[in-house]
Amino acid sequence: MFNLTELENDALIEIFNIGVGQAASSMSAIVKEAVRMSVPSISFIPRTEAARLLGQADGVAERICGVSQRYRGAFDTEAILMFPEDKSLEIVRLMVGEAVPLKELTEMEQEAMCEIGNIMLNSCVGTLANIFQRELQGSLPQYHIGTSDEILTATGSQFNSVVLMLHIDFLLEKHQIHGYVAFVLDISALHDLKEQINLYIARAMGKV
Amino acid sequence: MTTTKTVLIVDDSRVSRMMARQYIAVLHADWIVEEAGTGEESLVKARHTTPDLILMDVNMPGMGGIAAAEQLRQEFPAVPISLLTANVQTATRERASAMGIGFVEKPITEARIAQLLATLEAV
């Protein structure tokens with residue numbers, strides 16, 4: 001069982017709040033609209049439970065479009081950005097503007113979603129790396145379509161993996177779009193993350 | 001009044017190249033925009049087009065943007081190069097600084113492109 005002290009949990013939420021704030025700023029620049037993001041709720045849960053929470057709309061498994069990137073360094077993680085599949089084209093339209101014809105927009109949908117994922121995930125993870133004063137090497141973004149369980153499986157997480165789930169609501173003024181970010185870490189990576197959190201706390205207390 | 005310039009955009013994302021091209025056209029309709037989808041391709045394009053400015057993504061298949069920028073810096077020491085990347089990590093900024101090249105973070109916006117082009121406008 002993996003546990004964090006109250007102080008470690010507080011620091012983790014604060015660090016991810018900063019990272020998500022950066023991602024929100026990036027998202028706003030992409031869609032050219034004010035974006036409000038909810039305070040992230042963070043939980044460590046089994047993959048099966050994460051899939052259930054991520055992909056349910058009125059009790060039915062929702063089709064999701066996901067972009068994942070693998071990061072290695074201070075801690076290893078698979079970061080996954082997920083949107084409902086039926087919102088994907090709308091997001092790409094907001095990104096590229098009205099000038100691009102629908103046919104061309106549809107053709108570039110996957111590539112554009114990869115770039116949006118790349119920008120948002122790197123914005124969040126890059127901020128975490130800066131806070132930890134360590135470097136995280138990211139892979140190229142991968143595009144996935146399916147249920148949340150299928151996407152979590154496709155990104156290589158094992159049936160019994162622990163998912164550090166960060167649930168974020170994206171609130172656009174004109175477009176009600178809900179997105180999710182999940183970080184999948186195995187037990188070894190969770191301990192590495194805990195070590196980084198404690199170094200951050202020590203620095204904050206002037207002990208390093 | 002500025003003379004026509006050539007800008008080389010290096011990015012594996014077609015959408016990002018398209019957006020950068022669009023913003024350059026808004027600011028300088030007469031400027032020439034060349035594109036490369038990989039670091040390797042950027043070396044070939046730069047040798048053929050002698051750009052006045054190179055905008056370089058970092059995370060790309062193949063040699064990647066940092067290695068390409070290093071090689072381009074050696075071959076074209078007078079040409080300004082700037083990373084234009086989603087990788088906002090301090091380590092990447094420091095690497096750019098050590099190489100004597102610029103750093104602008106994504107997403108690509110008109111303001112950020114204007115900031116990059118401003119260095120050429122006075123020349």
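Leaving aside its neighbours within four places in sequence, with which residues is B:Leu55 in contact? The legends below take up this question after an overview of chain A.

The model is predicted, so that local features need pLDDT of at least 70 and side-chain atom pairs count only at pLDDT 80 or more, while totals for chains, interfaces and linings use all residues. Residues are numbered from 1 along each chain as its sequence is written, and chains are lettered from A and ligands numbered from 1 in the order in which they are written.

**View 1. Overall form of chain A.** Chain A comprises seven helices and 11 strands, where helices (H or I, at least four residues) and strands (E, at least two) are DSSP runs numbered from the N terminus. The C-alpha trace of chain A spans about 55 × 35 × 30 Å along its principal axes. Of its 208 residues, 41% count as buried, a residue being buried if 20 or more other C-beta atoms, placed from the backbone, lie within 10 Å of its own.

**View 2. Helix α3 of chain A and its buried side.** In α3(A), residues 88–96, the buried residues are A:Ser88, A:Ile91, A:Val92 and A:Met95. Because these residues cover an arc of only 100° around the axis, they are on the same side of α3(A); the arc is that of the directions from the helix axis to the C-beta atoms. The buried residues of α3(A) pack against α1 (6–31), β5 (64–73), β6 (77–84), α4 (102–107) and α5 (109–132) of chain A. Just after α3(A), A:Gly97 takes a positive phi of about 90°.

**View 3. The largest nonpolar core and B:Leu55.** This core, a set of buried Ala, Val, Leu, Ile, Met, Phe, Trp, Tyr and Cys residues joined through C-beta atoms within 7 Å, has 86 residues, and those with the most contacts inside it are A:Ala182, B:Ile54, B:Leu55 and B:Met56. The largest share of the core, 12 residues, comes from α5(A). Apart from neighbours within four places in sequence, B:Leu55 is in contact with B:Val7, B:Ile9, B:Val10, B:Ala20, B:Ser82, B:Leu84 and B:Leu116, two residues being in contact if their C-beta atoms, placed from the backbone, lie within 7 Å.

**View 4. The contact of chains A and B.** The contact takes 19 residues from chain A and 16 residues from chain B. On the side of chain A that touches chain B, α1 and α5 of chain A each supply at least two residues, and α5(A) gives the most, with 11 residues.

Definitions and conventions. A residue is buried if 20 or more other C-beta atoms lie within 10 Å of its own, exposed if 12 or fewer, and partly exposed in between; C-beta atoms are placed from the backbone.
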